[in-house]
Amino acid sequence: MAGNWDDGSMDLSSHSDDGYHYERTRIEPIYDAFICPLTKQVMRDPVSLENGQTFERSAIEKWFKERRENGRRMVCPLTLIELKSTDLNPSIALRHTIEEWDARNVATQLDMARKSLSSGNDENDTLLSLRIVQQLCLKSQSNKAVIRQADLIPLIAAVLKSSSRRVRCRALETLRIVAEDDPENKDIIAEGDTIRTIVKFLPHERSKEREEAVSLLYELSNTETLCEKIGAVQGAILILVGMSSSNSENLLTVEKAEKTMVNLAKCESNVRQMAENGRLQPLLTLLLEGPPETKLSMAAYLGELVLNNDVKVIVARTVGSSLINIMRSNNMQSREAALKALNQISSYEASAKVLITAGILPPLIKDLFTVGANQLPMRLKEVSATILANLVSSDYDFASVAVGTGHNTLVSEDIVHKLLYLINNTGPAIECKLFQVLVGLTSSQTTVLSVVAAVKSSGATSSLVQFIEVPQRDLRAAAIKLLQNLSPHMGQELTEALLTATGLLGTLVRIIMDNNAGITEEQASAVSLLAELPERDTGLTRQMLSEDAFEMFNVRLFRIRQGETSRFVTLFQEGLVRVLSRVTYVLPTEPRAVTFCVENNLASVFIDLLQANGLDKVQLVSATALENLSQVSKNLSKVPDLPKPGFCVTLFPCMGKEPGITGLCKIHHGICSLKESFCLLEGQAVDRLVALLDHTNEKVVEASLAALCTLLEDGVNIEEGVMVLLEADGIKPVLDILLEKRTDNLRRRSVWAVERMLRTDEIAMEVAGNPNVGTALVDAFQHADYRTRQIAERALKHIDKMPSFSGIFSSLA
């Protein structure tokens with residue numbers, strides 16, 4: 001009896017890993033005549049030599065070959081007697097006997113395996129039965145058919161649900177061996193819910209079951225007809241995608257998962273699933289290399305996917321040019337698929353730039369403007385307009401990108417005119433997208449002026465403002481946003497258009513005041529539009545007074561200051577403050593404006609807003625508004641009538657003294673209050689304005705200094721105004737501004753203020769001892785504009801740096 005009965009077979013009498021021993025009597029014993037003396041294994045193709053000794057053909061042939069190559073005599077391996085002939089005679093009878101013996105053993109083993117697998121009671125029996133099946137398959141490919149015919153495959157699949165981890169793991173391994181190079185066995189394995197059961201092993205982190213499961217799936221996926229079935233199991237592709245890109249998996253497992261994905265990609269439905277789960281390359285490959293109908297299918301599906309931004313860039317770089325070429329085809333279905341895919345890709349700035357570089361703009365503009373036989377239906381023109389809106393929202397120099405013949409660009413007058421024409425002659429959906437296109441172009445400093453010029457030359461201003469009243473919220477919001485972007489450059493034209501059209505201003509105010517959805521971007525754009533209109537346009541301000549707009553805006557501002565929050569609250573608050581401030585520009589000529597400011601204590605509102613730290617525009621506008629309010633304080637300060645002298649005083653003037661009135665404002669010489677006369681001194685605004693003189697924003701500093709200068713103007717007590725600044729520690733910050741020379745406007749303002757302060761002897765004496773101030777005034781005298789040089793000369797005279805008789809500027813005047 002030999003220890004093993006075939007090459008690579010196991011010894012069934014001893015299985016330490018299975019923990020169980022089958023008795024030899026359960027398998028027919030091996031006869032010595034079956035064993036090859038050279039291999040010590042059961043022979044498959046026995047042959048005899050001339051001396052009657054029998055060997056395995058391959059073994060004896062190898063023996064003779066080696067002796068021949070070494071120049072040695074041809075002898076029998078057993079007897080070592082030289083042979084006259086090396087002819088090999090087939091031992092047909094012995095071979096048939098061995099085959100019959102083998103068949104009986106296989107049948108016996110299969111019967112044992114079937115019984116054990118059917119009962120499933122004993123773990124060791126099951127393990128050994130699975131091992132027997134493995135060895136039979138490894139022994140001969142033909143045994144796989146025998147196992148199939150014995151209906152063992154469903155029994156093996158059934159034990160995948162065993163409670164024993166060892167059994168499950170060996171069952172997966174056994175099914176893989178059974179399936180190798182046998183399509184019929186694979187089909188049987190794929191019946192029922194076996195594939196679903198196999199997939200359930202995939203999430204088991206770092207386990208032998210996981211490794212065996214993915215190896216089995218790889219083997220099954222080598223049959224193309226099973227790829228769709230594997231992909232149809234929910235979660236299978238998602239898990240495999242994760243495994244193939246994992247850094248923590250066993251390298252062999254990662255490799256098998258990757259190879260399985262490659263096989264599964266032969267099925268289009270699997271390719272779609274892979275794309276959904278972040279593995280886009282198979283889809284992109286089919287889009288680039290597949291047949292026309294597949295390209296169309298993949299492009300259409302790409303348009304339905306939700307892609308993250310990084311993936312959009314990869315897709316744009318990989319297939320952007322191909323999609324653009326499909327746009328140019330005459331097949332409407334292909335163009336639709338390409339447009340929808342490009343719409344998806346273009347929604348991210350970086351990927352949009354890739355598409356622009358790839359040449360998307362010319363065919364896109366052509367699609368929008370073409371009429372006639374090849375024109376796109378309106379639903380696709382809407383997609384084209386959406387793509388264009390996506391593209392222009394990127395930071396790109398569109399003035400340098402040609403979009404058609406004649407070196408036209410997106411901001412060329414002809415192109416903008418056509419966009420404006422479409423806005424007025426298409427449906428709301430396309431109009432909304434085209435407005436967004438113009439919003440994108442006017443949001444860039446490099447292209448806004450070109451668009452402004454085209455809008456002016458087209459005469460479209462009046463028609464654009466009409467969109468403020470459309471019922472479609474998105475369209476209206478886009479139109480208002482465009483008008484907001486145009487307003488810094490077309491303020492007067494927009495003001496006239498708003499005032500000419502009945503009810504437009506009121507509609508804009510209602511949009512701003514709508515509180516149903518908190519503070520929206522549309523409201524922030526609407527109030528910013530109003531804020532950019534010329535603040536000194538009295539007609540607009542009077543109309544807003546007539547419609548009680550300022551009262552409503554003041555109430556809304558109060559609510560924001562009470563804590564109302566929103567994503568757009570900063571922009572909205574800045575706009576409200578700017579719009580409110582415009583009422584202060586008409587105070588000298590509009591009594592209703594004064595009444596409004598008094599009744600709403602507007603000066604107090606702006607003083608409080610000076611402390612809106614971090615909101616430079618709010619602080620700047622508030623300081624400017626306080627300047628405007630303070631300038632009319634001298635006219636609103638009430639000077640009471642003096643009491644009439646008594647009879648005795650009339651007869652004897654020497655008996656009385658001139659009557660006096662206490663409690664008068666030392667600057668304005670009348671009865672002042674913050675609410676009634678907007679007096680900065682009474683409102684304790686001076687300290688807050690002085691605090692802003694060291695602000696990092698020069699414009700805030702300039703506005704604050706301008707407001708403080710109203711205390712030093714002609715018509716007020718300048719000396720008292722200087723003393724007020726001195727008490728507020730405001731002299732030094734003004735001198736520092738003069739010394740720093742940060743901007744021309746600040747130097748002009750500071751020179752004026754310093755000259756006024758130097759009219760007070762006490763200040764002049766102190767400043768005279770500061771050589772830096774003198775140097776700064778001399779520099780202004782020599783290099784500033786004509787008016788500032790005049791003022792600098794007077795200032796230098798106050799500190800005796802210039803002879804009082806010089807009269808340099810008086811002679812020039």
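Helix 15 (residues 292-302) contains the buried residues Thr-294, Ser-297, Met-298, Ala-299, Tyr-301 and Leu-302. Here buried means under 20% relative accessible area, exposed means over 50%, and partly exposed lies in between, with a 1.4 Å probe and protein chains only. Helices (H or I, at least four residues) and strands (E, at least two) are DSSP runs, numbered from the N terminus. The buried residues of helix 15 pack against helix 13 (268-276), helix 14 (281-289), helix 16 (309-327) and helix 17 (332-345); a contact means heavy atoms within 4.5 Å.

The model is predicted, and local features need pLDDT of at least 70, side-chain atom pairs count only at pLDDT 80 or more, and totals for chains, interfaces and linings use all residues. Residues are numbered from 1 along each chain as its sequence is written, and side-chain values use heavy atoms, with hydrogens and water left out.

The secondary structure of the chain consists of 45 helices and three strands. The chain is more spread out than a compact globule, because its radius of gyration is 48 Å, well over the 28 Å that the globule rule gives for 813 residues. The radius is taken over C-alpha atoms, and the rule is 2.2 Å times the number of residues to the power 0.38. Along the principal axes, the C-alpha trace spans about 170 × 65 × 60 Å. Of the 813 residues in the chain, 52% are buried. Among contacts with a separation of 6 or more, 66% are between residues 24 or more positions apart.

Pockets and cavities were located on a 1 Å grid over the protein atoms alone. A cavity is a set of points where a 1.4 Å probe fits but cannot get out, whereas a pocket is an open set with protein on both sides within 12 Å along at least five of seven lines. Lining residues have an atom within 4 Å of a point. Grid points are joined across faces, edges and corners, and a volume is the space filled by probe spheres set on the points.

The largest pocket has a volume of about 580 Å³. Its lining comprises 24 residues, of which Glu-535, Tyr-585, Leu-620, Val-621 and Thr-624 lie nearest the centre. Two or more lining residues come from each of helix 27 (521-532), helix 30 (569-581), helix 33 (616-631) and helix 38. Helix 33 supplies the largest share, seven residues. By class, the lining of the largest pocket has 11 nonpolar, three polar and 10 charged residues. Ala, Val, Leu, Ile, Met, Phe, Trp, Tyr, Cys and Pro count as nonpolar, Asp, Glu, Lys and Arg as charged, and the others, Gly among them, as polar.

The second largest pocket holds about 310 Å³ of space. It is lined by 17 residues, and Gln-484, Asn-485, Pro-488, Glu-532 and Lys-617 lie nearest its centre. Helix 25 (473-500), helix 27 and helix 30 each give two or more residues to this lining, and helix 25 gives the most, with five. The lining of the second largest pocket divides into four nonpolar, eight polar and five charged residues.

Two cavities of 30 Å³ or more are present in the structure. The second largest cavity contains about 40 Å³ of space. It is lined by Leu-705, Leu-708, Cys-709, Leu-712, Leu-725, Val-734, Ala-753 and Met-757. Helix 38 (698-709) and helix 41 (744-757) each supply at least two of the lining residues, and helix 38 gives the most, with three.

Most residues other than glycine have a negative phi. Phe-678 has a positive phi, near 60°, and is found in the loop between helix 36 (674-677) and helix 37 (686-691). Phe-678 is buried, with a relative accessible area of 1%. Asp-729 also has a positive phi, near 55°, and is placed in the loop between helix 39 (718-727) and helix 40 (731-740). Asp-729 counts as exposed, at 60% relative accessibility.

Lys-732 lies in helix 40 and counts as exposed, at 55% relative accessibility. Lys-732 and Thr-79 are 653 residues apart in sequence and 123 Å apart in space, C-alpha to C-alpha.
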